[in-house]
Amino acid sequence: MSEAVKEVRPRSSRMRVLAVLIRTNLDNEIGGSERSFVELSNALVQEGVEVDTLEIGSSVACSVTSRANHYVLNSSGNLPLRLFRYSFDALRIARSRDCEVIFAPAVYWPQTIFVALLTSFVLRRPLFIGIPGPFKGEEDKLTVPELLKQRLEGRRALKTTTAAVLRRLAFRSANGLLFATNHLAQDYGKKFSLKNAVVIGRGVNDFWFQPDGSPATKEYDAVFVGRLDEGKGVDTLIRAWDLVGDSLPSARLLVVGTGPRADEYKRIAGENRLGHNIKFVGYVNDPLEVKEKVQSSRLLVLPSEDEGFARVVSEAMACGVPCVISDIPGLRETYSGAAVFVPSKDSTALAQAIISLLVDGTKLGQLSRTGMIHARKFSWSNSAALTYNAFAEACNRAPWERVFELAVVT
């Protein structure tokens, strides 16, 4: 993460940014990528930037306090009709608001990338894309010729092939790709030969540092917060909890979140001989309630197989909850010296790390203090300043210096 923030004078006195946030999931579950976007937008507004956000479905502003302007679009109709309508609305709003930058906060959603790319191309505005975390899809490990060959052979669906090619085009066309960590930037750079990476980091909202005023009682011994999906290591955690129970039979685990593997994990926990000591509470929308659940636990455990910044770790540290996390490059870069690291997929090592902390109050207290100090390093103000500088530098260049590389996309 950059230590110093270089000041760049913008082209105009007040910068305007059009953010395209067309999520694939039309539900009220706001994930880490959306929350990070809102926090970054709020900090950009504080820097004097006007942020207009195009969305569909339930606006993130309904769940997270936002200082940006939100436009909720009509999501009815088939996909081609929706894309046409979204693009028309994006162009109309960007023109009327005189937006100088087009920003796609997360590269995960193909409709977001399509609309942002088209708007940037038509209006000749700089394009920036947020890369919150790693890709896990097999299609992103292939070259475009390999993708097209598999598509022609019927081994790959049109939807995934189109999305993968669109992402490659976006990487090549963007003026800047905004990464949460240096590891992510380096990993993407190796896979896609990127030269336009900007590492902006992440911040921690101030309320995570504020005491909640309630008695310091701990109802749970450990808590997991995140999406119940492949790669988050929840199955490893459940197996580890069986081993924890051998030494600490009354130890209790709280699992906060939902996802496609929620039912499977509940079944595995039910088959566990200490399954009654594992409680699933589902998705929690209110950040204050999430904080309350984190603080009700003696430890936060994140056994992921791959991660970007993993904001839940910095938030747990901010409110004094020690963290046991996977020893993977992204987390090692971000939280080295402030957490206990264990190999991913190793339930025995995870159980041993959890037990060693739960039985040692001195070590637990020391890790709590270290984590709180470490969390102070993460600032949304600094992330916004780095983002602002990248936007301003692109705006100060001659119009449309970057050219779409339609012919050669590798």
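Predicted model: local features only at pLDDT ≥ 70, side-chain atom pairs only at ≥ 80, totals over all residues.

User: Which residues of helix 10 are buried?

Analyst: Buried here means under 20% relative accessible area. In helix 10, that goes for Arg311, Val312, Val313, Ser314, Glu315, Ala316, Met317 and Ala318.

User: What is the nearest side chain of opposite charge to Arg85, and how far away is it?

Analyst: Arg85 belongs to helix 2, residues 79-96. Arg85 is buried but has no salt bridge. A salt bridge needs the charged atoms within 4 Å. The nearest side chain of opposite charge is Asp89, at 5.5 Å.

User: Which backbone oxygen lies 3.1 Å from a polar atom of the Arg85 side chain?

Analyst: Leaving out residues up to four places away in sequence, Arg85 touches Ser75, Ser76, Gly77 and Asn74. The backbone oxygen at 3.1 Å from its side chain's polar atom belongs to Asn74.

User: How are helix 1 and helix 14 oriented relative to each other?

Analyst: The axes of helix 1 (residues 32-46) and helix 14 (residues 380-396) come within 8 Å and cross at roughly 75 degrees. Therefore the two helices are roughly perpendicular.

User: Which residues of helix 1 make that contact?

Analyst: On the helix 14 side, the partners include Trp380, Thr387 and Phe391. On the helix 1 side, they are Ser36, Glu39, Leu40, Ala43 and Leu44.

How values were computed:
Residues numbered from 1 in each chain as written. Heavy atoms only, no water. Helix = DSSP H or I, 4+ residues; strand = E, 2+ residues; numbered from the N terminus. Buried < 20%, exposed > 50% of the residue type's maximum accessible area, 1.4 Å probe, protein only. Lys, Arg positive; Asp, Glu negative; His and termini not counted. Polar contact = N/O pair within 3.5 Å; in protein donor to acceptor, adjacent residues only side chain to side chain. Contact = heavy atoms within 4.5 Å. Axes fitted to C-alpha atoms, helices over the stretch in contact; angles between N-to-C directions. Parallel < 35°, antiparallel > 145°, perpendicular 65-115°, else oblique.
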